[in-house]
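Hi,

Here is the structure I promised to pass on to you.

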Amino acid sequence: MKSLFILLPFLLPVSAAAQSVWEKPSTADVEAAAGADKDNPRQLKEDPKYLEGAVPEKDGKVVWTLDVDVPGKTAAQIYDTMLKCLTDLTKTENQLEGSCVALVNKQEHIVVANIREWLVFTDKLLVLDRARFHYTLIAYCTDGHLKLTMDRLTYRYDEERTKFGTYVYKAEEWITDKEALNRSKTGLRRASAKFRRKTIDRKDYLFDVIREAVLKP
């Protein structure tokens with residue numbers, strides 16, 4: 001017991017020093033820690049427009065949808081515009097045999113176009129890299145509104161460059177988030193990257209053209 005009393009004065013400073021390193025965190029410290037991820041986002045290796053969520057799926061299928069309010073126009077007027085717009089599309093550069101307006105329903109104001117075209121990745125001197133790109137556009141026209149879907153996307157690749165024949169890819173197997181993004185979702189996998197980029201670019205261009213056409217006075 002006597003030894004304990006002798007050691008006590010020497011133990012107290014150590015105990016006090018140990019206790020002093022513990023303290024309640026300040027509000028500022030908590031907020032700073034919570035915002036650390038925002039201050040240090042993941043380093044993206046690709047334009048965000050091509051990353052997570054850029055290729056939507058519905059019931060396991062790749063489907064893009066364009067919804068446009070068209071005030072003051074009837075379903076018949078929008079139908080006429082879309083019939084002309086999709087017919088004109090099938091006659092543009094890079095279209096292939098079989099690209100056509102396949103079905104129409106005048107009563108329900110629906111237009112279905114099966115598009116067959118070249119999707120060009122590189123077109124330079126002595127270098128032409130492209131794929132046959134097939135997809136379906138369906139325009140649903142109602143009073144004051146257009147709904148357009150783009151789906152059933154497939155690619156036929158390497159027809160002209162390999163002795164092993166054509167590679168056929170479905171969008172669901174090739175350009176979805178699951179198939180095309182790297183593990184960290186900061187970039188694209190090399191094999192399908194150009195397909196995903198060019199498909200998204202083509203979709204954006206088509207939707208812009210169609211939106212402009214249907215909204216034109």
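First, some ground rules. This is a predicted model, so local features need pLDDT of at least 70 and side-chain atom pairs count only at pLDDT 80 or more, while totals for chains, interfaces and linings use all residues. Residues are numbered from 1 along each chain as its sequence is written, and side-chain values use heavy atoms, with hydrogens and water left out.

**The whole chain**

The protein chain has seven helices and seven strands. Both are DSSP runs numbered from the N terminus: helices are H or I with at least four residues, strands are E with at least two. Starting at the N terminus, the order is α-α-α-β-β-α-β-β-β-β-β-α-α-α.

How much of the chain is buried? Of its 217 residues, 37% are. Buried means under 20% relative accessible area, exposed means over 50%, and partly exposed is in between (1.4 Å probe, protein chains only). The chain exposes about 14,500 Å², and carbon and sulfur atoms supply 54% of that. Those areas come from the Shrake-Rupley method with a 1.4 Å probe; for residues, only the protein chains shown count as cover.

Now for contacts, meaning heavy atoms within 4.5 Å. Take the contacts between residues at least 6 apart in sequence: 56% of them join residues at least 24 apart.

**The largest pocket**

Rolling a probe the size of a water molecule over the atoms shows where empty space is left. The largest pocket holds about 380 Å³ of space. It has 19 lining residues, and the closest to its centre are Leu 89, Thr 92, Tyr 205, Leu 206 and Val 209. On a 1 Å grid over the protein atoms alone, a pocket is an open set of points where a 1.4 Å probe fits, with protein on both sides within 12 Å along at least five of seven lines; lining residues have an atom within 4 Å of a point. Grid points are joined across faces, edges and corners, and the volume is the space filled by probe spheres set on the points.

Which element gives the largest share of the lining? That is H7, with six residues. Helix H4 (75–89), S4 and H7 each supply at least two. By type, the lining divides into 10 nonpolar, three polar and six charged residues. Here Ala, Val, Leu, Ile, Met, Phe, Trp, Tyr, Cys and Pro count as nonpolar, Asp, Glu, Lys and Arg as charged, and the others, Gly among them, as polar.

Arg 196 sits in helix H7 and counts as buried, because its relative accessibility is 0%. Leaving out residues up to four places away in sequence, Arg 196 touches a list of residues including Tyr 50, Glu 52, Ile 175 and Asp 177. A polar atom of the Arg 196 side chain lies 2.7 Å from the backbone oxygen of Ile 175.

Arg 211 is also found in helix H7 (residues 190–215), but it is partly exposed, at 30%. Beyond its neighbours within four places, Arg 211 is in contact with Leu 66 and Val 68.

**Around S5 and S6**

Asp 143 is in the loop between S5 and S6. Buried or exposed? Asp 143 counts as exposed, since its relative accessibility is 62%. Its side chain reaches the backbone nitrogen of Ala 75 at 2.7 Å, and Asp 143 is in contact with Lys 73, Thr 74 and Ala 75, neighbours within four places left aside.

Thr 154 lies in strand S6 and is buried at 18%. Its side chain makes a polar contact with the side chain of Arg 156 (3.1 Å). A polar contact is a pair of N or O atoms within 3.5 Å; within protein, one must be able to donate a hydrogen and the other to accept it, and residues adjacent in sequence count only if both atoms are side-chain atoms.

**Two positive phi angles**

Leu 126 is not a glycine, yet it has a positive phi of about 70°. It sits in the loop between strand S4 (110–124) and strand S5 (127–142) and is exposed at 83%. Arg 152, in strand S6 (residues 145–157), has a positive phi near 55° and is exposed at 57%.

Cheers
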